[in-house]
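Colleague: Could you walk me through how the labels on this model were reached? I would like to see each value set against its rule.

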Amino acid sequence: MKIALVAGGHLPIPPDGWGGVEHLIWNFHNQLKKYDNEVEIVNTQDLDEAINIINQGNFDVVHLHYDQYASILPKLNSKKKLITSHYPYLENPEPQYVFLYDLLKNSGAHIVSLSDRIKKEFVRRNVNSTDVSVLPCGIDTDLYTIDGEALYPNRSIVVGKIEPRKRQTYLQKLNLNIDFIGNNVDPSFDVSDTCYFGEQSKQDIMDNLTAYVNMILLSAGEAHPFVCLEAMAAGLGLVLSEQSTANLDLSQPFITVIPDDKLNDKSFLKQKIQENRKISLGMRNEIREYCRTNFDWSNIIQKYITIIEKL
């Protein structure tokens, strides 16, 4: 197949540093090529240019990964069209973003949802269930180092862009033996804190994440957080908000969910983080295998190809 992956044109692909969607698109590109597909990334903010590139390329499939460019889809001559929204609050959008549901519904493209919960919300809003497929994020599990023992068995890590949505500033003030990695866009976060290590390269994260015993993500909104897969690939347990649990089996002992009404309870949070550390310390290989079985690209890309073939 000849496939076009369409991005927003805001960052290079592959990105130099931060850029979750851009990393995902780059991985799609590389994985699809392994199966002898011809794949091109269209990454421009000039919509006329994007339309021309795609139509002149005679692609069999076009997959748009930037919802607000949905208006270009009816102008494309590709036989199969897909669209994914990476908006983190899609299950419960802020009023100004409710329009995204109609935007995707009326695009004429098949919707590829990042989680079951998002698909259910589309169906609740009168989108036919056959017009929506679920495809979680994938990960190259074996690219992540896993050590038999954690270098910091009494510390947790928070990975990702530091912003109010992810509550890093709140966690920083609790003094619970937590380190932070990520580019900062939250003015209330104390960048002089010795527990803050700035933005790290993807390779540094793949090599060094395993030094910790668990990862914390108390985000107020997530579609399918890739950092959870990174943590599990490195053998780390997870301490998550209810909104950060998409596609995960919450019966797994190394996954701890903090109820919304307990997020501000410091004693409860400290207890659950410490409990998760103790459990996760002895399950590092099991955690990695859970990640491999459920989210490794070798499985995800086959599901993706099946979605395309059924259209």
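Modeller: Happy to. Let me begin with a term: a contact here means heavy atoms within 4.5 Å. Keep in mind, too, that this is a predicted model.

Colleague: Thanks! With that rule, what share of the contacts between residues at least 6 apart in sequence join residues at least 24 apart?

Modeller: In the protein chain, that share is 59%.

Colleague: What makes Phe180 and Phe189 an edge-to-face pair?

Modeller: Ring centres must lie within 6.5 Å for a pair, and planes over 60 degrees apart count as edge-to-face. For Phe180 and Phe189 the centres are 5.4 Å apart and the planes stand at 75°, so the pair is edge-to-face. The structure holds twelve aromatic pairs. There is also an aromatic cluster formed by Tyr87, Tyr89, Tyr97 and Phe99.

Colleague: Are Phe180 and Phe189 buried or exposed?

Modeller: The cut-off for buried is under 20% relative accessible area. Phe180 has 2%, so this residue counts as buried. Phe189 has 4% and therefore counts as buried as well. Across the protein chain, buried residues make up 52% of the 311 residues.

Colleague: What makes you describe strand β9 as mostly covered?

Modeller: Strand β9 spans residues 212-217, and six of its six residues are buried.

Colleague: How do you know which strands pair with β9?

Modeller: At least two bridges are needed for two strands to pair. Strand β7 (residues 152-159) reaches three bridges with β9, in the parallel sense. Ile157 has Met215 in β9 as its bridge partner. Strand β10 (residues 237-241) and β9 share four bridges, again parallel, and Leu217 stands opposite Leu240 in β10.

Colleague: Why is the crossover from β9 to β10 called right-handed?

Modeller: The chain crosses from β9 through helix α7 (residues 226-233) to β10. The label right-handed applies if, with the strands pointing away from the viewer, the path from the first strand over the helix to the second runs clockwise. This β-α-β crossover is assigned as right-handed.

Terms used: Residues numbered from 1 in each chain as written. Predicted model: local features only at pLDDT ≥ 70, side-chain atom pairs only at ≥ 80, totals over all residues. Heavy atoms only, no water. Buried < 20%, exposed > 50% of the residue type's maximum accessible area, 1.4 Å probe, protein only. Helix = DSSP H or I, 4+ residues; strand = E, 2+ residues; numbered from the N terminus. Phe/Tyr/Trp six-rings, centres within 6.5 Å; stacked < 30°, edge-to-face > 60°.
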